[in-house]
Amino acid sequence: MKPPSRTTSSKTPVSETATSAIPVSETAPAPDGRPRRIAVIGGGPGGLYAAALLKRLDPAREITLWERNAPEDTFGFGVVLSDETLGGIEHADPVVYRSLREDFVRWDDIDIVHRGIRHTSGGHGFAALGRRRLLEILHERCRSLGVDLRLRTQAPAPARLAQEYDLVIAADGVHSATRETYADVFRPRVTGHRCRYIWLAAGFAFDAFRFEIAETEHGVMQLHGYPYAADASTVIVEMREEVWRASGFDELDKQESVAHCAKVFADALGGRALKSDNSAWTTFRTVVNARWSHGNVVLLGDAAHTAHFSIGSGTKLAVEDALALAACLEEHPDLRTASAAYEEERRPVVASTQRAARASLEWFENIGLYLGQPPRRFAFNLLTRSRRVTHDNLRLRDSRFTAAVEREFGCPPGTPPMFTPFRLRGLTLRNRVVVSPMDMYSAVDGLPGDLHLVHLGARALGGAGLVMTEMVCVSPKGRITPGCTGLYTDRQAAGWRRVTDFVHEHAPGAAIGVQLGHSGRKGSTRLMWEGMDEPLPDGNWPLVAASPLPYKPGSQTPRELGPDQLAEVRDRFTAAARRAARAGFDLLELHCAHGYLLSGFLSPLTNRRTDAYGGSLAGRLRFPLEVFDAVREVWPEQRPMTVRISAADWAEGGTSADDAVGIARAFAEHGADAVDVSTGQVVADERPDYGRSYQTPFADRIRHEAGVPVIAVGAISSWDDVNSLILAGRTDLCALARPHLYDPNWTLHAAAEQGYAGPGADWPAPYRAGSRPPRTGRADAPKPRLGLGR
């Protein structure tokens, strides 16, 4: 773990700063096209290691490295490297690896201290050493190889180096002057965050990686601590900006700040003092660049990307960047292709790490949400915050700890969290898996047909606790496409009764729910595979919406709903709900997401009304709540109702996180039994932040702040994710779509793969013979003999 590198921030004088108009060398002059004269800006671990590797691979290279600080100047104390990173170092440079190995401190445990209770989880495997010692090792290696180290020396302007050298490696940290010089090419996006933190040290070694939570009169503070030597530990103290100010840290000098931190965490420190180097209170900045290279200039480490210190990846990423860049320069014939290969290789790895780091960062920003959890569940939640550690691998690392969390949660022996029941009003779901609504676009005149029967019936047979229909439309003009189903005729209700009867008869234990909605301004479009959200070429029907705004250029402009039309739409919903009850559905979900009619009222981007149904959040909620109340009144009392919302529009000025909590709380107060938390699809110019389980944090916050059960959706793809999210308390149910298209028996297979057989995943009688995976090849072949042929 290390802070964003500030030791390598080359502050170029204004007169030397330029834009990308300054020429850069496009190709290296060496006969084979590979760079021979290399400049490295920044003497942090990434820059030093890149210099050493490149010199070792080709001693004829002329490599010069500039670092404006002295060798002994560094910020932060300890550095953590993973076994994966160490393996790469060992393979690339055994000399550096041996030196590192001699100084590493290793440990396995993580301690979480919450409200005076310490829980320990083992089997994690960490290795750390002092940052100063790491730099010494790399300095020694560079000098032994003949790298020209120019310490205590400001680097020349990046543009000048780009003209004089074949390759410029910009490892000049989070405040990179090189990145700013060519900002219009690299297109950096720098995001600040909500916590203040400071890097300190203690004169003793923690016996584990320690997280300690302090609940003070001013708010929550947290300590991150870990050993990096036999007699020293890194200590990071972090808290929200408002807590930092309320505690008076903004008025304390450095010594007073350090002393106050030691007082707050006296128990963790055993009453011992803390010490500081040149670090100060700061906020973390996430750096993302659209490009990492420009001509012969290449970004590396924090100059290219940052990942929050709470997952310990800053030095790791920089070192791995150096390994990849050196390898690509060896494997490719010229700098242009090598730079492209380097970025292609590293970008997905970095993006994945940044997603995990963002999840961890936001967890600590919002730690106050989880303080009321039982201590073991709180500890599990903390350990799995980044989604890198999951229920399954934590069970492998420390089965005793994980089993204790499961018992506290209420899992019967041998029962994974996902196979525990969950009650919504009068309906008890046998497990926590929901088949998410998926439009089939295969109806004729709104009638569900054989495909709907087979699609929903197969997934009910496949073991899910709840199977949801696609959005079922409440009127012909409320359809998205001509292929959408409806519940606006009795004939359609009879067609749905055929589906629900099949599920209840042949998949006992499975529940089936209906999602009711109206397309609003996103209606009268082609089938998805013919052009999603594209208007029909002919046969269009008129559209209605909260405001007369087309969904995108070329879309039909809807008519704004007046008082009479609002009442008519509300009546359409109640009529459809009555038919849904007669059709035998166990649960009804009101679709208020994805830019359809009711969602269009909720978002400030799509509701521009000046009457009682627009303006403030309360105004924008008015009509969706009127519809909800009307439907709840006719929907059978013991059957639950849920609401799907878009908790973020992924567009500036759209629904905020606070709005989402307010929307969820309002529906809960009106009787919603759970909120199905999705995001986006409200405006065409959205910019979603896709990634594994990327929508879960919105559900998590709503669950804890609004106090309502939630259904999490969005790129939840494995049973391990489901177990982790449920056990951590981030959601109550998990809805999965694409995994159920890939495997209709996804839930039953998840049970088989976990060795679970119980009421949460009961195989239908005709399928029980298939409850074990079939053998795929010989199992009696002789095993290989160790050592033969050596």
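Reply: A disulfide here is a pair of cysteine sulfur atoms within 2.5 Å. This is a predicted model, where local features need pLDDT of at least 70 and side-chain atom pairs count only at pLDDT 80 or more, while totals for chains, interfaces and linings use all residues. Residues are numbered from 1 along each chain as its sequence is written, and side-chain values use heavy atoms, with hydrogens and water left out.

Me: Thanks! How many disulfides does the structure hold?
Reply: Zero disulfides.

Me: What about cysteine 734?
Reply: The closest cysteine sulfur to that of cysteine 734 belongs to cysteine 411, and at 13 Å it is too far for a bond. Cysteine 734 is buried too, with a relative accessible area of 0%.

Me: Switching topic: where is serine 724?
Reply: Serine 724 sits in helix H24, residues 719-728. Helices (H or I, at least four residues) and strands (E, at least two) are DSSP runs, numbered from the N terminus. With 6% relative accessibility, serine 724 counts as buried.

Me: What is serine 724 in contact with?
Reply: Setting aside neighbours within four places in sequence, serine 724 is in contact with Phe380, Thr390 and His391. Contact means heavy atoms within 4.5 Å. A polar atom of the serine 724 side chain also lies 2.7 Å from the backbone nitrogen of histidine 391.

Me: Now strands. Is S26 mostly covered or open?
Reply: Strand S26, residues 641-646, is mostly covered, with six of its six residues buried. That goes for both faces: Met641, Val643 and Ile645 are buried on one side, and Thr642, Arg644 and Ser646 on the other.

Me: Which strands does S26 pair with?
Reply: S26 pairs with strand S25 (residues 587-592) in the parallel sense over five bridges. Five bridges also join S26 to strand S27 (residues 674-678), again running parallel. Two strands pair if DSSP finds at least two bridges between them.

Me: Which residues stand opposite each other there?
Reply: Glutamate 589 stands opposite threonine 642 in S26, and serine 646 stands opposite serine 678 in S27.

Me: What do S26, helix H22 and S27 make?
Reply: With helix H22 spanning residues 657-669, they make a right-handed β-α-β unit. Right-handed means that, with the strands pointing away from the viewer, the path from the first strand over the helix to the second runs clockwise.

Me: What about the six-strand sheet?
Reply: That open sheet has the order S8-S2-S1-S9-S17-S16, with mixed pairing. Its edge strands are S8 (148-151) and S16 (293-294), each pairing on one side only. Strand S1 (residues 37-41) and strand S9 (residues 167-170) run parallel and are joined by four bridges.

Me: Last one: what does UniProt list for residues 418-751?
Reply: The unreviewed entry gives "domain: NADH:flavin oxidoreductase/NADH oxidase N-terminal". UniProt annotations may be inferred rather than shown by experiment; positions are in the numbering used here, and feature names are shortened. Over residues 418-751 the chain is 37% helix and 16% strand, and the end C-alpha atoms are 9 Å apart.

Notes: Buried means under 20% relative accessible area, exposed over 50%, partly exposed in between (1.4 Å probe, protein chains only). A polar contact is a pair of N or O atoms within 3.5 Å; within protein, one must be able to donate a hydrogen and the other to accept it, and residues adjacent in sequence count only if both atoms are side-chain atoms.
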